[in-house]
Amino acid sequence: MKKIEAIIKPFKLDDVKDALEAININGLTITEVKGHGRQKGHSELYRGAEYVVDFLPKIKVELVVGEDQLDGAIATIVEAAKTGKVGDGKIFVLPVEQAIRIRTGETDQNAL
């Protein structure tokens, strides 16, 4: 099993969710986050005063999939989240040692 963490632009969330549902991946967790990479924020003007926005709003999508769904899930997220502009985000893949469904006690692949 693998955990996928995708940092995406907020307005792409529905596209990513719908695309994952289309390939039968339904369980995911969404977190509103702030950060920056090479984009490094931007300057804005408010009531005549300029200020720097260092951290930009993003969405972190987390999901755990089996090895057989990993490549499809990654490709789907990339396709749905891509705008072709700076700040589209990143995807991280981490190993998952164990999964347990609390309600039934099912473990690992059966818990997904």
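Lys3 is partly exposed, with a relative accessible area of 25%. Here buried means under 20% relative accessible area, exposed means over 50%, and partly exposed lies in between (1.4 Å probe, protein chains only). The model is predicted: local features need pLDDT of at least 70, side-chain atom pairs count only at pLDDT 80 or more, and totals for chains, interfaces and linings use all residues. Residues are numbered from 1 along each chain as its sequence is written, and side-chain values use heavy atoms, with hydrogens and water left out.

**Salt bridges**

Lys3 has a charged partner, Glu5; their side chains meet in a salt bridge of 3.3 Å, N to O. A salt bridge is a side-chain nitrogen of Lys or Arg within 4 Å of a carboxyl oxygen of Asp or Glu. Side chains of opposite charge can pair when their charged atoms come close. By this rule the count comes to 7 salt bridges.

Glu5 is buried, at 16% relative accessible area. One joins Lys17 to Asp18; Asp18 is partly exposed at 42%. The other joins Lys17 to Glu21, and Glu21 is partly exposed at 39%. Lys17 and Glu21 both lie in helix α1, 4 residues apart, about one turn of the helix. Salt bridges that share partners also join Lys3, Glu5 and Glu62 into one network.

| Salt bridge | N to O distance |
|---|---|
| Glu5 and Lys3 | 3.3 Å |
| Lys17 and Asp18 | 3.6 Å |
| Lys17 and Glu21 | 3.6 Å |

**The sheet**

Helices (H or I, at least four residues) and strands (E, at least two) are DSSP runs, numbered from the N terminus. An open sheet is formed by 4 strands in the order β2-β5-β1-β6, with antiparallel pairing. The edge strands are β2 (29-35) and β6 (89-95); each pairs on one side only. From one strand to the next, the twist averages 20°. Two strands pair if DSSP finds at least two bridges between them. Strands of a sheet pair through backbone hydrogen bonds, either parallel or antiparallel.

Strand β1 (residues 2-8) runs antiparallel to β6, and 7 bridges join them. Glu5 takes part here too: its bridge partner in β6 is Phe92.

**Two helices on the sheet**

Helix α1 (residues 13-22) packs on the sheet and touches β1, β2 and β5 (56-65). Contact means heavy atoms within 4.5 Å. The direction of α1 makes about 10° with that of β5. Axes are lines fitted to C-alpha atoms, for helices over the stretch in contact, and angles run from 0 to 180 degrees between N-to-C directions.

Helix α2 (residues 67-81) lies across β1, β5 and β6, and runs at about 5° to β1. The helix has 15 residues and reaches 22 Å from its first C-alpha to its last. That is close to the 21 Å expected at 1.5 Å a residue; the expected span is 1.5 Å times one less than the number of residues.

Which residues of α2 are buried? They are Leu70, Ala73, Thr76, Ile77, Ala80 and Ala81. These residues cover an arc of only 150° around the axis, which puts them on the same side of α2. The arc is that of the directions from the helix axis to the C-beta atoms. Their cover includes β1, α1, β5 and β6. The face of α2 turned away from the buried side carries the exposed residues Asp68, Asp71 and Glu79.

Lys12 sits in the loop between β1 and α1. Is Lys12 buried or exposed? At 13% relative accessibility, Lys12 counts as buried. Leaving aside neighbours within four places in sequence, Lys12 is in contact with Ala80, Ala81, Lys82 and Thr83.

Asn24 is found in the loop between α1 and β2. Its phi is positive, about 70°, although Asn24 is not a glycine. Asn24 is exposed, at 58% relative accessible area.

Asp54 has its place in the loop between β4 (49-53) and β5. At 42% relative accessibility, Asp54 counts as partly exposed. Asp54 and Asn26 are 28 residues apart along the chain, and their C-alpha atoms are separated by 33 Å.

Asp108 lies in the segment after β6. Asp108 also has a positive phi, about 50°, although it is not a glycine. Asp108 is partly exposed, with a relative accessible area of 31%.
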